[in-house]
Amino acid sequence: MKHHLTHRRARHLEAREELSSRDMQLLWRIESGSMRIDSVGEDGSLNFVRLAIAGDILGMEHVAGLNESLLIRALVPVCLAPLNVVETPQLMPLMLESLSKVHQRCREVVSMRTGAIEDRIKRLLRILSVIETNSDVSATCNLPSLGNIAEIVHSTPETVCRVLASLRKQHVLEKTTPTNIRSKGLDFHQHRVATHALAA
């Protein structure tokens, strides 16, 4: 995909930072981190639509001429690489690839909102860690805030907190950042995920 990169500079977003309306009219590839995409209702209400993770492309809605109002926010620190619509010779394959990824992300949302809460959170960990289905090695990821996790898996922050504590006791999840680093909630804490324990 490197031939799609432009002279525009990469963007770095902090957790909770929104993608501006101007940037949403451009194409970006997520190099690292994860973002949540919400649909904005006429009354300003937000409805969670899907996640976007490393390798996903943002901005295809504008290219396709869709008028849906969206809010795109970083769940954890994110790095975005720019793509150029005008100079991209393979725009159609790029759009088809993006459409396939969007469909996959929407299916993932459904899977994270049904079933036992521990299973739903494990599915989220698998997605955020970009774990291959048959992988049996550990992976790392930065966890979103408790509030974001709760909204994504359709639960409450208190329940999510209990499940994460249980997963740590099971050694499914281990914090890898120094314990002397203080931060709000779970933001900026890198975690090691035992992938063999995340059977879907």
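**Sheet and helices**

Modeller: Strand 1 and strand 7 (residues 78-83) pair in the antiparallel sense over three bridges, and the bridge partner of Leu13 in strand 7 is Val78. This is a predicted model, in which local features need pLDDT of at least 70 and side-chain atom pairs count only at pLDDT 80 or more, while totals for chains, interfaces and linings use all residues. Residues are numbered from 1 along each chain as its sequence is written, and side-chain values use heavy atoms, with hydrogens and water left out.

Biologist: Why are strand 1 and strand 7 said to pair?

Modeller: Two strands pair if DSSP finds at least two bridges between them; strand 1 and strand 7 have three bridges, so they meet that definition.

Biologist: What makes strand 1 (11-13) and strand 5 (57-58) stand at the edges?

Modeller: The open sheet of four strands has the order 1-7-2-5, with antiparallel pairing. Strand 1 and strand 5 each have a single partner strand, so one side of each is left without a neighbour in the sheet.

Biologist: Why are Thr159, Val160, Val163, Leu164 and Leu167 of helix 5 called buried?

Modeller: Buried means under 20% relative accessible area, exposed over 50%, and partly exposed in between, with a 1.4 Å probe and protein chains only; these five names are the buried residues of helix 5, so each falls under 20%. They cover an arc of only 130 degrees around the axis (taken from the directions from the helix axis to the C-beta atoms), which puts them on the same side of helix 5. On the other side, Glu158, Arg162 and Lys169 are exposed.

Note on methods. Helix = DSSP H or I, 4+ residues; strand = E, 2+ residues; numbered from the N terminus.
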